[in-house]
Amino acid sequence: MKIITVETSRLNTFKENWPCHGINDEATHIVVAFSDDGDLVDYECCNDNGDNVDDGVDSGEALSALFTDAFYNHEKKSIPGTIGSFLTAY
């Protein structure tokens, strides 16, 4: 399983390029879980405090495009003292 965080900078860039995105403006990052073959398992839209927020109105197509991009274009970062690597879409 791959768990990827779509960071604020990537999310904001996406919103600028997809004006009718419908993604909740309170969402500052999105955590996405994929199966190994790329199927979406689950996702959570979160605010600055890490609290879950609604994904938005009519955001399905935009989220699908964003998640596909994140699956294929992410960076693997190792953080000392943690169990594993983090996958992040900037």
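Trp18 is partly exposed, at 30% relative accessibility. Here buried means under 20% relative accessible area, exposed over 50%, and partly exposed in between, with a 1.4 Å probe and protein chains only. The model is predicted: local features need pLDDT of at least 70, side-chain atom pairs count only at pLDDT 80 or more, and totals for chains, interfaces and linings use all residues. Residues are numbered from 1 along each chain as its sequence is written, and side-chain values use heavy atoms, with hydrogens and water left out.

Start with the rings. A search of the whole structure gives four aromatic pairs. Rings of Phe, Tyr and Trp (its six-membered ring) pair if their centres lie within 6.5 Å; planes under 30 degrees apart are stacked, over 60 edge-to-face, and the rest tilted. Phe14 and Trp18 make a tilted pair, because their centres are 5.3 Å apart and their planes stand at 35 degrees. Phe14 is buried, with a relative accessible area of 8%.

Phe71 and Tyr72 form an edge-to-face pair, 5.0 Å centre to centre with 90 degrees between the planes. Phe71 is buried, at 9% relative accessible area. Tyr72 is exposed, at 61% relative accessibility. Ring pairs also link Phe34, Phe71 and Tyr72 into a cluster. Lys2 lies over the face of Phe71, 4.5 Å from the ring centre. For such a placement, NZ of Lys or CZ of Arg must be within 6 Å of the ring centre and within 35 degrees of the ring normal.

Now the core. A nonpolar core is a set of buried Ala, Val, Leu, Ile, Met, Phe, Trp, Tyr and Cys residues joined through side-chain atoms within 4.5 Å. The largest one has 17 residues, and those with the most contacts inside it are Val6, Leu11, Ile23, Ile30, Leu66 and Phe67. At least two residues of this core come from each of β1 (2-6), α1 (8-17), β2 (29-34) and α2 (60-72). Helices (H or I, at least four residues) and strands (E, at least two) are DSSP runs, numbered from the N terminus. The largest share of the core, six residues, is supplied by α2. Setting aside neighbours within four places in sequence, Leu11 is in contact (heavy atoms within 4.5 Å) with Val6, Ile23, Ala27, Thr28, His29, Ile30 and Leu66.

Charges come next. The structure holds one salt bridge, defined as a side-chain nitrogen of Lys or Arg within 4 Å of a carboxyl oxygen of Asp or Glu. Arg10 and Asp69 form it, at 2.4 Å from N to O. Arg10 lies in helix α1 and Asp69 in helix α2, so the pair ties together parts that are 59 residues apart in sequence. Arg10 is buried, at 16% relative accessibility. Asp69 is partly exposed, at 25%.

Lys15 also lies in helix α1. Lys15 is buried yet has no salt bridge; Asp25, the nearest side chain of opposite charge, is 4.1 Å away. In this count Lys and Arg are positive, Asp and Glu are negative, and His and the chain ends are not counted. Not counting residues up to four places away in sequence, Lys15 touches His21, Ile23, Asn24, Asp25 and Ala27.

Last, a backbone detail. Most residues other than glycine have a negative phi. Asp58 is not a glycine, yet has a positive phi of about 55 degrees. Asp58 is found in the loop between β4 (52-53) and α2. Asp58 is exposed, at 72% relative accessibility.
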